[in-house]
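Me: I've got a new protein here and I'd like to go through it bit by bit. Can you take my questions one at a time?

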Amino acid sequence: MDDSSKLAALAVISPFLIIAILIFALVSPNGSEYIPWIFLLAMIVISVIFLCGKGTWAIAGFNTMGDSEKSQYDTKKLARLVGLVSLTTIPLILSAIIESEGLLIFSIILMVCASIFVIVFCNKRCML
């Protein structure tokens, strides 16, 4: 099994696994404590998929473009950029888990900076 097949299998299996864990967390006593951890795991999986240069079909706006418009973009760079941005949500989720105001402020600043970076970088480097 090559790397792209493994990544595709992970992309197909992981949503079902996350849904099963969510159902388990909701029906078990004290299960609601695990829900933020499940979202953290989901964001890590999503980030890994994008960082590998795959999953462009899940990028909002890009998946609705015509083939001529899509050919103007370097899809690997675009997917990696989305993966980096999705990594910025991890400190936000961790701030909710450990209830840290300092980490919350840091994660908000990080997400604002990442948004500005995405606008500039995508227009300069992701275009062919």
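Me: Between which two helices is the loop that holds Thr88?
Reply: A helix here is a DSSP run (H or I) of at least four residues, a strand is a run (E) of at least two, and both are numbered from the N terminus. With that naming, the loop that holds Thr88 sits between H4 and H5.

Me: Before we go on, what kind of model is this?
Reply: Residues are numbered from 1 along each chain as its sequence is written, and side-chain values use heavy atoms, with hydrogens and water left out. Local features need pLDDT of at least 70 and side-chain atom pairs count only at pLDDT 80 or more, while totals for chains, interfaces and linings use all residues, as this model is predicted.

Me: Is Thr88 buried or exposed?
Reply: Buried means under 20% relative accessible area, exposed means over 50%, and partly exposed is in between (1.4 Å probe, protein chains only). Thr88 has a relative accessible area of 9%, so it counts as buried.

Me: Which residues does Thr88 touch, leaving out those up to four places away in sequence?
Reply: A contact means heavy atoms within 4.5 Å. The C-alpha atoms of Thr88 and Ser107 are separated by 7.0 Å, and these two are 19 residues apart along the chain. As for touching, the list for Thr88 is Leu110, Met111 and Ala114.

Me: How do H4 and H5 run, parallel or antiparallel?
Reply: Axes are lines fitted to C-alpha atoms, for helices over the stretch in contact, and angles run from 0 to 180 degrees between N-to-C directions. Under 35 degrees is roughly parallel, over 145 roughly antiparallel, 65 to 115 roughly perpendicular, and the rest oblique. The axes of H4 (residues 75-87) and H5 come within 4 Å and cross at roughly 20 degrees. So H4 and H5 are roughly parallel.

Me: Which residues of H5 meet H4?
Reply: On the H4 side, the residues are Val85, Ser86 and Leu87. Their partners in H5 are Thr89, Ile90 and Pro91.

Me: And how do H2 and H5 run, parallel or antiparallel?
Reply: The H2 residues Pro36, Trp37, Phe39, Leu40, Met43 and Ile44 meet Thr89, Ile90, Ile93, Leu94 and Ile97 in H5. The axes of H2 (residues 35-51) and H5 come within 10 Å and cross at roughly 170 degrees. So H2 and H5 are roughly antiparallel.

Me: Which residues of H5 are buried?
Reply: Let's look down the helix. The buried ones in H5 are Thr89, Ile90, Pro91, Ile93, Ser95 and Ile97.

Me: What is the phi of Glu99?
Reply: Most residues other than glycine have a negative phi. Glu99 lies in the loop between H5 (89-98) and H6 (101-125), and it's exposed because its relative accessibility is 70%. Its phi is positive, near 55 degrees.

Me: Is Tyr73 buried or exposed?
Reply: Tyr73 lies in the loop between H3 (67-70) and H4. Its C-alpha atom is separated by 9.5 Å from that of Phe62, 11 residues apart along the chain. With 18% relative accessibility, Tyr73 counts as buried.

Me: What percentage of the residues in the protein are buried?
Reply: The protein has 6 helices and 0 strands, running α-α-α-α-α-α from the N terminus on. Among contacts with a separation of 6 or more, 56% come from residues 24 or more positions apart. Out of 128 residues, the buried share is 29%.
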